[in-house]
Amino acid sequence: MQRSSPVSAARGWNTATGIDPARLEIGLLIAEWLNPAADHIGQGATSITDLYDSHVRTPCDIALARRSDPSSSRKPVHWWSPELTAIRGQCSSARRRKMRLAARLRRIQLDADDPVAVRAAAEAEAAAVQLRACKKTLKVAIAVSKIACWDELVQTVESDPFGKPYKLVMQKLSGPPATARMDLDTVTMTVNTLFPACPVSTHGAVLPLEGFSKFPHET
């Protein structure tokens, strides 16, 4: 089993919420199953180090959540859409413009007869109005998207009971599945062990060489 990347391993695990004993026990069993200690008897120091590393990392991946990575972007909610991203970008641009014009207005000496100050005040007010309009548009678009996604979830409950609605509810109740905190190599090895690939049989049904005997009629 290959080790995880140094970046993910350096983040460590979050122990603030405590350790689930049941998940920890499952993780220890999986670690022993994937990398048995009996295979390392009589091996060198490197083999023993890999054994202890896998028997610590695998249970922790299952029983604990990884520490948040500041560099990773936040996963969007299910009702988010590219249209909302574009509208939020417009709001960010309008906010930056308002802040820039407001700072410029503060630097200019306020004088009612100064045309530069009057023009700066008008531009700052227009930027504030534009920002309020963008915020209102984003708020309405989010409300419409939430309603549309909710209607879609309600319609898919009957057709796909274990689809997105089921996953959203289970994520709220018990958090993400254990495989979400496992390394890709561990998940792949577990799936391949539980569900080994079998060669497809190309042979059809084999018929007996002897002919079929007719059953006598009952009298």
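Modeller: Before we start, one cut-off: buried means under 20% relative accessible area, exposed means over 50%, and partly exposed is in between. Keep in mind that this is a predicted model.

Biologist: Okay, is Trp80 buried, exposed or partly exposed?

Modeller: Trp80 has 22% relative accessibility. Buried needs under 20% and exposed needs over 50%. So Trp80 counts as partly exposed.

Biologist: And what about Trp79, buried or exposed?

Modeller: Here the relative accessibility is 16%. The cut-off for buried is under 20%, so Trp79 counts as buried.

Biologist: How many aromatic pairs are there, and how are the rings of Trp79 and Trp80 set, stacked, edge-to-face or tilted?

Modeller: The count comes to one aromatic pair. The ring centres of Trp79 and Trp80 are 5.8 Å apart, with the planes at 55°. Stacked needs under 30 degrees and edge-to-face over 60, so this pair is tilted.

Biologist: Which helix gives the most to the positive patch?

Modeller: The positive surface patch is made of Arg95, Arg96, Arg97, Lys98, Arg100, Arg106, Arg107 and Lys135. One of its residues, Arg107, is exposed at 65% relative accessible area and lies in helix 4. With seven residues, the top giver is helix 4 (residues 82-107).

Biologist: How much accessible area does the nonpolar patch have together?

Modeller: Trp33, Val191, Leu194 and Phe195 form that patch on the surface. Among them, Val191 sits in helix 7 (residues 184-194) and is partly exposed, at 41% relative accessible area. Together the four residues have about 440 Å².

Methods: Residues are numbered from 1 along each chain as its sequence is written. This is a predicted model: local features need pLDDT of at least 70, side-chain atom pairs count only at pLDDT 80 or more; totals for chains, interfaces and linings use all residues. Side-chain values use heavy atoms; hydrogens and water are left out. Patches are made of residues with over 30% relative accessible area and no salt bridge: like charges are joined within 9 Å, nonpolar side chains (Val, Leu, Ile, Met, Phe, Trp, Tyr) within 5 Å. Accessible areas come from the Shrake-Rupley method with a 1.4 Å probe; for residues, only the protein chains shown count as cover. A salt bridge is a side-chain nitrogen of Lys or Arg within 4 Å of a carboxyl oxygen of Asp or Glu. Lys and Arg count as positive and Asp and Glu as negative; His and the chain ends are not counted. The place of a charge is taken as NZ of Lys, CZ of Arg, CG of Asp or CD of Glu. Helices (H or I, at least four residues) and strands (E, at least two) are DSSP runs, numbered from the N terminus. Buried means under 20% relative accessible area, exposed over 50%, partly exposed in between (1.4 Å probe, protein chains only). Rings of Phe, Tyr and Trp (its six-membered ring) pair if their centres lie within 6.5 Å; planes under 30 degrees apart count as stacked, over 60 as edge-to-face and the rest as tilted.
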